[in-house]
Amino acid sequence: MTTVAGPATDTPRTRTRSQKAILVVAGLVVVGIGGAVLTAPDAFHAGNGIDFAGNSSLLSETRAAGGALLATGILVTLGAFVRRLTFTAALIGATVYLAYGLSRLLSIALDGMPATGLVAAAVAELVLGTACGYVLHGNRHAGGNPAR
């Protein structure tokens, strides 16, 4: 494909592959995290020095968030394969990842530096959220046209 400015560097086929790859990676990461938090919250959080000490209310809150993340991950992953879900998946992926990453930055400012693993999580969340934003931008016209 050639444009007035010269050859296009981001063909629709290339963009589609990169968008699919982003959604698959972003989706599977949150599926893994959500599944781990839902099924084994003690083990998942122990590496960052978080101890639930048998607090069933805290475990319930944590598992609920894990279930929500698992469902989010499934939807984001499906967006890589079901074209009519791509826009929604990218929107949800960008929103969830950026909300987590920005909330962690706010927590650092308000509460101080957490465990290294949580700082790394913030970086990964901001990167994946921005990547989902790229997919969202590439599909911005599809949001109003589900048949596209």
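Modeller: A crossing is left-handed if the near helix is turned anticlockwise from the far one by less than a right angle, and right-handed if it is turned clockwise. Helices (DSSP runs of H or I, at least four residues) and strands (DSSP runs of E, at least two) are numbered from the N terminus. This is a predicted model, in which local features need pLDDT of at least 70, side-chain atom pairs count only at pLDDT 80 or more, and totals for chains, interfaces and linings use all residues. Residues are numbered from 1 along each chain as its sequence is written, and side-chain values use heavy atoms, with hydrogens and water left out.

Colleague: Which pattern does the protein follow when read along the sequence?

Modeller: The protein contains 5 helices and 2 strands. Read along the sequence, these elements give the pattern β-β-α-α-α-α-α.

Colleague: What percentage of the contacts with a separation of 6 or more comes from residues 24 or more positions apart?

Modeller: A contact is a pair with heavy atoms within 4.5 Å. Among contacts in the protein with a separation of 6 or more, the share from residues 24 or more positions apart is 70%.

Colleague: Is α4 roughly parallel or roughly antiparallel to α5?

Modeller: Axes are lines fitted to C-alpha atoms, for helices over the stretch in contact, and angles run from 0 to 180 degrees between N-to-C directions. The axes of α4 (residues 86-111) and α5 (residues 116-138) come within 7 Å and cross at roughly 150°. Angles under 35 degrees count as roughly parallel, over 145 as roughly antiparallel, 65 to 115 as roughly perpendicular and the rest as oblique. The orientation of α4 to α5 is therefore roughly antiparallel.

Colleague: How many charged residues are in the contact of α4 with α5?

Modeller: The crossing of α4 past α5 is left-handed. Ala, Val, Leu, Ile, Met, Phe, Trp, Tyr, Cys and Pro count as nonpolar, Asp, Glu, Lys and Arg as charged, and the others, Gly among them, as polar. In the contact of α4 with α5, 17 residues are nonpolar and 6 polar, and the number of charged residues is 2.

Colleague: Which residues does Glu125 touch, not counting those up to four places away in sequence?

Modeller: Glu125 lies in α5 and counts as buried because its relative accessibility is 10%. Its C-alpha atom is 8.6 Å from that of Leu102, 23 residues away along the chain. Beyond four places in sequence, Glu125 touches Tyr97, Leu98, Tyr100, Gly101 and Arg104.

Colleague: With which residues is Ala94 in contact, leaving aside its neighbours within four places in sequence?

Modeller: Ala94 is part of α4 and is buried, at 6% relative accessibility. Its C-alpha atom lies 9.4 Å from that of Ala26, 68 residues apart along the chain. Leaving aside neighbours within four places in sequence, Ala94 is in contact with Ala99, Gly129, Cys132 and Gly133.

Colleague: What distance does α4 reach from its first C-alpha to its last?

Modeller: The expected span of a helix is 1.5 Å times one less than its number of residues. For the 26 residues of α4 the expectation is 38 Å, and the distance reached is close to that, at 36 Å.

Colleague: What is the orientation of α3 to α4?

Modeller: Helix α3 (residues 56-78) packs with α4 at about 140°, with the axes 8 Å apart. The angle therefore makes the orientation of α3 to α4 oblique.

Colleague: With which residues is Thr62 in contact, leaving aside its neighbours within four places in sequence?

Modeller: Thr62 belongs to α3 and is buried, since its relative accessibility is 12%. Leaving aside neighbours within four places in sequence, Thr62 is in contact with Val37, Pro41, His45 and Phe52.

Colleague: Near what value is the phi of Ala53?

Modeller: Ala53 lies in the loop between α2 (41-46) and α3, and is exposed, with a relative accessible area of 66%. Its phi is positive, in a residue other than glycine, and is near 45°.

How values were computed. Buried means under 20% relative accessible area, exposed over 50%, partly exposed in between (1.4 Å probe, protein chains only).
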